[in-house]
Amino acid sequence: MFIAVREEVEAAVEDALTALDLPTDDLGIEEPPEDVEAVLASSVAYRLAGEVGAPPPEVAADIAAEIDASDYGYVAEAVPQGAYVNFLPSDRFFADTLGEAQNDGYGRLEPKDTSVVVEHTSANPTGPVHVGRARNPIVGDAVANVIDYAGYDVSRHYYVNDAGRQMAVFTWAYETFDEADLEEAPERDRIEYDLVRYYRKGNTFLEEGDTDEVEAAEAEIESIMQGLEAGDEETYERVSEVVDQVLGGMRECLGRLPAEFDRFVKETKFMFDGSTDDVVDRLQDLDEAVYEEDAWQLDLEVHGIDKNLVFLRSDGTSLYPTRDLAHHEWKFENYDRAVTVLGEDHNLQAEQLRTTLDLLGNDTDQLEQVLYSYVNLPEGKMSTREGTGVDLDDLLDEAVARARKEVETRLDDRIRDDELDEDDVERIARQVGIGAVRYDIVSKQPSKAITFEWDRALDFEAQSAPYVQYVHARCCGILSEAARDDEADGLSDVDADRLDTEYERDLLRAVARFPAVIEEAADDLKPHVVATYTRTLAERFNAFYRECPVLSDDVDPELRDARLALVTAAKHSVGNALDVLGVEAPDSM
């Protein structure tokens with residue numbers, strides 16, 4: 001609906017500018033402030049004031065005078081206000097919005113014949129997922145969700161680093177040490193917590209062990225790397241025994257968010273199928289290729305990058321960037337678009353990758369990269385390798401525990417009256433606690449650093465996940481109560497004109513925006529736009545709920561049905577918006 005309105009407004013402004021013999025290259029269409037009743041506005045008068053030789057308000061008035069609202073179905077009037085032209089929505093706009101939003105799939109755009117691979121998380125399988133990296137699966141999953149809602153054919157990938165030195169060290173340590181050699185017990189009863197102890201023990205040994213023993217260990221580690229490079233199946237099986245076990249535990253952790261994947265793509269795939277060797281040959285043929293410091297490198301200074309890309313060691317083994325180049329060419333061959341979610345510490349590598357892919361003759365317009373800053377707790381930064389810091393499991397456990405205390409306090413009467421049992425309390429605590437973590441992280445612009453704060457994330461009264469989740473639960477409660485009295489029948493054919501208060505119209509305008517918010521977030525790869533929208537939607541619903549009784553005895557049947565339809569529209573909008581963000585929408589709270 002909102003997309004159709006925007007098209008009408010664009011056409012109206014363009015026709016008016018053409019009639020006034022003014023340029024139409026930038027129409028200045030934007031959303032007005034929340035206190036303005038218009039559905040859209042144009043600021044084009046600012047741009048044209050100098051050319052016309054008149055103040056912006058006068059130009060805006062001339063543009064508005066050229067627009068005949070009767071030519072459009074969703075625009076009731078074009079009204080100048082200062083330097084803006086505001087477009088007021090018609091009755092048809094409200095009626096059609098109300099009708100479309102009765103669909104529980106509201107917000108999903110028409111399917112597009114475009115495939116998109118979204119690669120995110122891709123943490124090295126060396127141990128538990130830690131909090132500092134939690135932003136990747138949360139943002140990555142939301143990016144994939146919003147692209148999916150926008151109608152694209154999405155495939156979610158995890159790129160598994162199973163060929164680097166880290167995995168060779170891990171494999172050697174796993175095969176070398178016994179349980180008795182390990183100093184501490186696993187922090188949690190899950191496989192990656194068990195096996196990470198071998199990785200830590202191996203690194204400690206390599207740093208502090210006897211020189212001769214370390215040299216022997218390094219020789220075995222090098223042998224593992226060479227075996228993978230040569231495509232040796234036995235070596236691959238040895239490494240995979242470690243990788244697959246650790247990855248299984250990491251998947252279980254990520255499933256708690258939840259963040260799920262359609263495919264786990266191992267980098268050894270591109271070593272064994274010959275594509276890495278092909279990339280190396282083509283890189284060596286480039287003018288930028290140099291052999292320096294016992295390694296083949298690309299000198300990218302002429303392309304504005306002051307650090308060389310090393311792609312082949314002197315011993316003939318490839319590096320992660322080399323294999324990732326083959327990986328991306330595979331993505332380009334199999335998908336129309338490739339989106340990668342990366343931490344900010346990969347900014348240089350992202351630039352090197354894009355530039356090198358371009359030098360190799362690829363269409364890098366297919367590649368889109370989302371860079372994000374890391375998540376910190378007030379206690380400071382975290383490190384997996386040293387065995388310190390906070391794991392994602394710990395954060396999620398704490399979130400559920402804190403949410404449970406809040407839920408038990410708020411719902412104490414209902415618990416005592418047996419309206420809610422233990423399973424209900426546990427469900428709500430999990431939905432609210434994990435939802436709070438996801439929402440708080442995804443609601444920030446990816447480029448901004450985050451220090452996670454419990455009080456803010458779990459504030460039921462502020463602009464947080466519980467605040468938005470409560471709106472969905474309240475909508476469900478109203479509709480459930482109406483259904484018990486057989487009052488919710490026939491909502492597909494209600495009189496939208498009865499919704500004529502400012503609170504009802506404000507809520508309908510917010511509902512109408514949802515598909516356009518999805519389109520914007522998908523185009524810009526910014527799921528935080530959806531989070532911002534949910535807060536506005538929740539505020540509008542709460543104002544409606546305070547001022548417009550739905551099921552009171554003194555509300556006549558036609559108005560009651562119209563308001564029930566509006567509650568249904570709000571439920572679908574807030575529920576699907578939360579779904580995009582990966583936050584559960586509780587039916588009760």
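Start by selecting helix α1, residues 2-19, where you will find E7; helices (H or I, at least four residues) and strands (E, at least two) are DSSP runs, numbered from the N terminus. This is a predicted model, in which local features need pLDDT of at least 70 and side-chain atom pairs count only at pLDDT 80 or more, while totals for chains, interfaces and linings use all residues. Residues are numbered from 1 along each chain as its sequence is written, and side-chain values use heavy atoms, with hydrogens and water left out.

Next, pick strands β3 (residues 75-81) and β4 (residues 84-89), an antiparallel pair with 6 bridges; pairing requires at least two DSSP bridges between the strands. E77 has L88 of β4 as its bridge partner. Between the strands sit 2 residues, and G82 in this hairpin has a positive phi near 65°.

Now show K331 and E119, whose side chains form a salt bridge at 2.7 Å, N to O (a Lys or Arg side-chain nitrogen within 4 Å of an Asp or Glu carboxyl oxygen). K331 belongs to helix α12 (residues 320-334) and E119 to strand β5 (residues 115-119), so the contact ties together parts 212 residues apart in sequence. K331 is buried at 1% relative accessibility, and E119 is buried at 6% (buried is under 20% relative accessible area, exposed over 50%, partly exposed in between, with a 1.4 Å probe and protein chains only).

Finish at helix α19 (residues 502-524), where R509 and D506 are 3 residues apart, about one helical turn. Their salt bridge has its closest N and O atoms 2.3 Å apart, and both residues are buried.
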